[in-house]
Amino acid sequence: MRSAMHFTHLACTLCGQTHDATVPQNVSACCSKPLFANYDLAAAARTRTKESLRSRVKSLWRYREVLPVKNESDIVTLGEGWTPLLPAPRLGAKHGLTKLFIKDEAQNPTASFKARGMTTAVSMAKQFGLKKLAVPSAGNAAGALAAYAARAGMEAHIFMPRDTPRANIIECEQMGAHVTLINGLITDCGAEVAKRKTAEGWFDVSTLKEPDRAEGKKTLGYELAEQLNWTLPDVILYPTGGGTGLIGMWKAFDEMEKLGWIGSKRPRMFTVQASGCQPIVRAFEAGEKFAAEHLGATTRASGLRVPKAIGDFIMLDALRKSHGGAIAITDEEMIACTREVGAAEGVFPAPEGAACYAALKHLLAAKKITPDDTVVLFNTSTGLKYLECYGSS
Ligand SMILES: Cc1ncc(COP(=O)(O)O)c(C=O)c1O
Ligand SMILES: [Zn+2]
């Protein structure tokens, strides 16, 4: 896995200004917005073709040329990514769909897609010689940071709402993280990290407040294209909190087009949120560029309990440019859909993943999705992490 690196610079996602990539960075100094990593894609295309990927490692590090880590020795890995894109014929047949797929992200280390972002963020922290990382989390990002920090011999300082699923709290503790439970939401946890990080010497790896988690997450887009033989689906349904995955995939599509790996066609991207916390749905419907905070946020799909997202404008732009949309699902419906997905396909989805299936039903009824579309649902974690949500019979 030796290859030339093509990472060139960091740029502000709002105004485009370039920022120093040789030091750890959080939000842009110009606009306090997310920074994006940029690559010399023309050079990458000369050294790496899509055909040559076939013999690569079966993890997200197969896309090494478009990831920011310079030295292989800094890569902190637990074998993340390259998860299966499972055909879902029985679930699809209920609705006349023949090309329905589930991207099963539960098969990642720590059983969620958050492993993708943390492998790159912690690897970059290693490259920069950082030792103490901090994160506010709805739960799964915390578990992933705890795992990758342990793997790298670093400290993880984790702030989660007190009512985060027990599985997330326990996994963090058992992987040696410093866990603080807060009476409040992820936004309150973020405020606590912001208040203490300078005095404590922590590097803040909050969602989209550093550039490297999105780089790991964007491999979702690379994998989809590779697994669909370098085509993209017609529709993507993505359970959205902070939005890193959606934003990352949208970035990946652009990169792959520049690499000459795909054409200009894009999937219609749909954000799926919870009725009790739907800031992006509201902003999408109101035609806003930025999303107002969703006050009094509540949902059992803890990953979707993100009342304010710093990457709101990037998400809203992608939803609109892709001719997709945004839809909210009640907790009752997503929990009911869990059993439907599980019984039909043998995948016990997280409530966030089940919400995507609920969204599919609504969008079919509204004719925003048609049975001949190729549709991908993202199951971002496993129901096993959310046992509190299910009664047994
Ligand atoms: C299971 C699950 N799904 C979806 C999300 C939302 O992810 P994103 O921040 O990429 O929008 C989260 C975030 O915590 C999560 O844990
Ligand atoms: Zn800027």
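Which residues surrounding ligand 1 are the closest?

## Ligand shell

Of the 17 residues that surround ligand 1, the closest are Asn140, Tyr238, Gly241, Gly243 and Thr380; a residue counts if one of its heavy atoms lies within 4 Å. The model is predicted, local features need pLDDT of at least 70, side-chain atom pairs need pLDDT 80 or more, and totals for chains, interfaces and linings use all residues. Residues are numbered from 1 along each chain as written, chains are lettered from A and ligands numbered from 1 in the order written, and side-chain values use heavy atoms, without hydrogens and water.

## Polar contacts and burial

The distance is 2.6 Å for tyrosine 238, 2.8 Å for asparagine 140 and 3.2 Å for lysine 217. Ligand 1 taken alone exposes 400 Å², of which the protein buries 98% (Shrake-Rupley method, 1.4 Å probe).

Strand β10 (235-239) and helix α9 (244-258) each give two or more residues to this shell; elements are DSSP runs, helices (H or I) of at least four residues and strands (E) of at least two.

## Aromatic pairs

The model has 10 aromatic pairs, meaning Phe, Tyr or Trp rings (six-membered for Trp) with centres within 6.5 Å; planes under 30 degrees apart are stacked, over 60 edge-to-face, and the rest tilted. Tyrosine 63 and tyrosine 222 form a tilted pair, 5.2 Å centre to centre with 35 degrees between the planes. Because tyrosine 63 lies in the loop between α1 (41-47) and β4 (85-87) and tyrosine 222 in helix α8 (residues 219-227), this pair ties together parts 159 residues apart in sequence.

Notes:
Polar contact = N/O pair within 3.5 Å; in protein donor to acceptor, adjacent residues only side chain to side chain.
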